[in-house]
Amino acid sequence: MQVVREQITRSLSTKPNSLDQFKSKARCLSYSEILRLRQSERMSQDDFQSPPIVYVTLLTLASPTFGQVIELREKIQPEVMELIKQQRLNRLCEGTSFRKISNRRRQDKFWFCRLSLNHKVLHYGDLDENPQGEVAFESLQEKIPVVDIKAVVTGKDCPHMREKSALKQNKYCIWTDGLNALLGKEMTSELTKNDLDTLLSMEMKLRLLDLENIQIPETPPPIPKEPSSYDFVYHYG
């Protein structure tokens, strides 16, 4: 909560003109960014021998030191990256439709691609319409074994790249991340960087909660009884 308070305080100090500007500034002040700012301010304070600054800090006398926090973050990061990797691969297994692009103009046709559930084959094929749901593997006649993929080429290095705006789309990031994950390479998209920072920040806040004098039960709470009726459930489709 103290980190959140500092996010709000630092965001308000910039005197935002609107709520959107305030939210944008607050999003930029991630947990790691606040740690970096504190360290920078502390170093500046030492350099100029100025009076001590009172810090709003998450680290109390009974809490880990700054170095231990960094060590904890480095320990958690591989777990979070593995979670992001599994999410990307799951999205590839669900499949995605792409609009076909010709050398002349945009065509009103699509093609769909899915990763097999065993992560060994990419199934793809042309479609006349943009699908609204899942496309069965049997409908996708073409296949590419993952072992035959040597590299993922993007941006200016890709001869098929026609739209620069595609580089900023989540669909593009998910597929480049997923393909790189299949090849055992690093996921480097902006989406992965943002997801990593968000998930790390949340996990660090949870693990650094001050639980002193708070009794944690040794057994989980009992599961509530099932309702007498499920008439309130709405079945979509």
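A residue is called buried when its relative accessible area is under 20%, exposed when that area is over 50%, and partly exposed in between (1.4 Å probe, protein chains only). By that rule threonine 96 is buried, with a relative accessible area of 12%. The structure above is a predicted model, in which local features need pLDDT of at least 70 and side-chain atom pairs count only at pLDDT 80 or more, while totals for chains, interfaces and linings use all residues. Residues are numbered from 1 along each chain as its sequence is written, and side-chain values use heavy atoms, with hydrogens and water left out.

## The overall picture

Let's start with the fold. The protein has six helices and four strands, where helices (H or I, at least four residues) and strands (E, at least two) are DSSP runs numbered from the N terminus. Along the sequence they come in the order α-α-α-α-β-β-β-β-α-α. Of the 237 residues in the protein, 27% are buried. The protein exposes about 17,800 Å², and carbon and sulfur atoms supply 54% of that area; accessible areas come from the Shrake-Rupley method with a 1.4 Å probe, and for residues only the protein chains shown count as cover.

Contacts (heavy atoms within 4.5 Å) tell us about the chain as well. Among those in the protein with a separation of 6 or more, 49% are between residues 24 or more positions apart.

Threonine 96 belongs to strand β1. Setting aside neighbours within four places in sequence, threonine 96 touches Trp111, Phe112, Cys113, Lys171 and Trp175. With one of these, tryptophan 175, there is a polar contact between the two side chains at 2.8 Å. A polar contact here is a pair of N or O atoms within 3.5 Å; within protein, one must be able to donate a hydrogen and the other to accept it, and residues adjacent in sequence count only if both atoms are side-chain atoms.

Which residues do ring pairs link into a cluster? They are Phe98, Trp111, Tyr124 and Trp175. Rings of Phe, Tyr and Trp (its six-membered ring) pair if their centres lie within 6.5 Å; planes under 30 degrees apart count as stacked, over 60 as edge-to-face and the rest as tilted. The whole structure holds three aromatic pairs. One of them is stacked: phenylalanine 98 and tryptophan 111, at 5.0 Å centre to centre with 25° between the planes. This pair links distant parts of the chain, with phenylalanine 98 in strand β1 (residues 96-101) and tryptophan 111 in strand β2 (residues 106-115), 13 residues apart. Tryptophan 111 is partly exposed, with a relative accessible area of 29%.

Phenylalanine 98 also pairs with tryptophan 175: the ring centres are 5.7 Å apart and the planes stand at 75°, so this pair is edge-to-face. Here tryptophan 175 sits in helix α5 (residues 170-182), 77 residues from phenylalanine 98 in strand β1. Both phenylalanine 98 and tryptophan 175 are buried.

Charged side chains visit rings too. The charged end of lysine 171 sits over the ring of phenylalanine 98, 5.4 Å from its centre. Arginine 114 lies over the face of phenylalanine 137, at 3.9 Å from the ring centre. The rule for a charge over a ring is that NZ of Lys or CZ of Arg is within 6 Å of the ring centre and within 35 degrees of the ring normal.

## Salt bridges

Side chains of opposite charge can pair when their charged atoms come close. A salt bridge is a side-chain nitrogen of Lys or Arg within 4 Å of a carboxyl oxygen of Asp or Glu, and the count comes to seven. The table shows some of them.

| Arginine 88 | Aspartate 195 | 3.0 Å |

Aspartate 195 in helix α6 (residues 190-207) and arginine 88 in helix α4 (residues 66-94) are 107 residues apart, so distant parts of the chain are linked. Arginine 88 is buried at 1% relative accessible area, whereas aspartate 195 is partly exposed at 25%.

Arginine 91 and glutamate 94 both lie in helix α4, three residues apart, about one turn of the helix. Arginine 91 is partly exposed at 33%, and glutamate 94 is partly exposed at 47%. Finally, salt bridges link Glu79, Glu203 and Arg207 in a network.
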